[in-house]
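Subject: A structure for you to look at

Hi there,

Here is the structure I said I would pass on. Have a look at it first, and then read on for what turned up in it.

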Amino acid sequence: MSTTPAKPVLVANEEAPQRPSREQALDAVRTLIAWAGDDPARPGLIDTPKRVVDAYGEWFDGYDADAGKELSRTFEDVTGYDDMVILRDIEIESHCEHHMAPFLGKAYVAYLPGEKVVGISKLARVVEIFARRLQNQETLTNDIIEAIESHLQPRGVAVLVDAAHQCMTTRGVHHRHVTTITTRFTGAFKTDQALADRFLKLAKG
């Protein structure tokens, strides 16, 4: 597994590189079409740059979203509940930062509430926000867990991501039935092996 250091978590409104104009993005797509060996002016491709730019706007809208904002509305009344909250089968649609190829799979997220809980849809939204950026799977796993740790101060967090990378299935080694699994545990999930095992059993059971 890669030992690439975790990159800083980018949140909305944080200073980021200046974006090119839409017209510059359209020209870039036309250049790639020509570089691939086709004619960007032929009828079948004339509208492709617009479609690609629109698709990029959707695939990477996580850069305009703030995970902290999603986790900012919390609740303190948990009526004595002290066990894990787990979401299974959260869809992952992301893009590899090395080849800009999709990687698709599922995320499994659990936390042990401390004094605060958050709406379960917000956890799924956090996964979506970080997935909709150029990523590697290890960093995606870290980003999810660090956002939850930072904003909820739980007693522990567990994250598992299981995804198939098209930079591996459609190019390079062309292994089509391989998935990559990454996990990270904090707090009680890291110190209590039985708790971690129960999370893994519930996540993939």
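Before any names, a word on how elements are labelled: helices (H or I, at least four residues) and strands (E, at least two) are DSSP runs, numbered from the N terminus. This is a predicted model, where local features need pLDDT of at least 70 and side-chain atom pairs count only at pLDDT 80 or more, while totals for chains, interfaces and linings use all residues. Residues are numbered from 1 along each chain as its sequence is written, and side-chain values use heavy atoms, with hydrogens and water left out.

**The whole chain**

The protein chain has 8 helices and 7 strands. Its C-alpha trace spans about 65 × 40 × 30 Å along the principal axes. Of the 205 residues, 38% are buried (buried means under 20% relative accessible area, exposed over 50%, partly exposed in between, with a 1.4 Å probe and protein chains only). Contact here means heavy atoms within 4.5 Å. Among contacts between residues at least 6 apart in sequence, 71% join residues at least 24 apart.

**The sheet**

If you trace the strands, you will find an open sheet of 5 strands with mixed pairing, in the order β5-β2-β3-β6-β7. The edge strands are β5 and β7 (180-187), each of which pairs on one side only. Two strands are said to pair if DSSP finds at least two bridges between them.

Let's walk across from the β5 side. Strands β2 and β5 run parallel and are joined by 2 bridges; Cys96 has Gln135 in β5 as its bridge partner. On to the next pair: β2 (residues 85-96) and β3 (residues 102-112) are antiparallel, with 9 bridges. Val85 stands opposite Tyr111 in β3, and Ser94 stands opposite Phe103 in β3. The hairpin of β2 and β3 has 5 residues between the strands, and there Met100 takes a positive phi near 60°.

Further across, β3 and β6 pair in the antiparallel sense over 10 bridges. Tyr111 turns up again here, standing opposite Val157 in β6. Then β6 and β7, also antiparallel, are joined by 8 bridges, with Val161 opposite Thr182 in β7. Strand β6 is mostly covered, as 9 of its 10 residues are buried.

Start with His165, which lies in strand β6 (residues 156-165). Is His165 buried or exposed? His165 counts as buried because its relative accessibility is 13%. Leaving aside neighbours within four places in sequence, His165 is in contact with Pro102, Phe103, Gln137 and Thr180. From His165 to Phe103 is 62 residues in sequence, yet their C-alpha atoms are 4.2 Å apart in space.

Then try Arg132, found in the loop between α4 and β5 (134-135). Its relative accessibility is 19%, so Arg132 counts as buried. Not counting residues up to four places away in sequence, Arg132 touches Glu58, Trp59, Phe60, Asp61, Gly62, Tyr63 and Glu93.

**Two helix pairs**

Two packed helices are described by the angle between their axes and the distance between the axes. Axes are lines fitted to C-alpha atoms, for helices over the stretch in contact, and angles run from 0 to 180 degrees between N-to-C directions.

Helix α4 (residues 120-131) packs with helix α5 (residues 137-152) at an angle of about 140°, the axes being 9 Å apart. That angle makes α4 oblique to α5 (under 35 degrees counts as roughly parallel, over 145 as roughly antiparallel, 65 to 115 as roughly perpendicular and the rest as oblique). Which residues make the contact? From α4 come Leu123, Val126, Val127, Phe130 and Ala131, and from α5 come Leu140, Asp143, Ile144, Ala147 and Ile148. By class they are 9 nonpolar, no polar and 1 charged (Ala, Val, Leu, Ile, Met, Phe, Trp, Tyr, Cys and Pro count as nonpolar, Asp, Glu, Lys and Arg as charged, and the others, Gly among them, as polar).

The other pair is helix α1 (residues 22-36) and helix α2 (residues 48-59), whose axes come within 9 Å and cross at roughly 120°. Here Arg22, Ala25, Leu26, Val29, Arg30 and Ile33 in α1 meet Thr48, Pro49, Lys50, Val52, Val53 and Asp54 in α2. This contact has 7 nonpolar, 1 polar and 4 charged residues.

Enjoy exploring!

Best wishes
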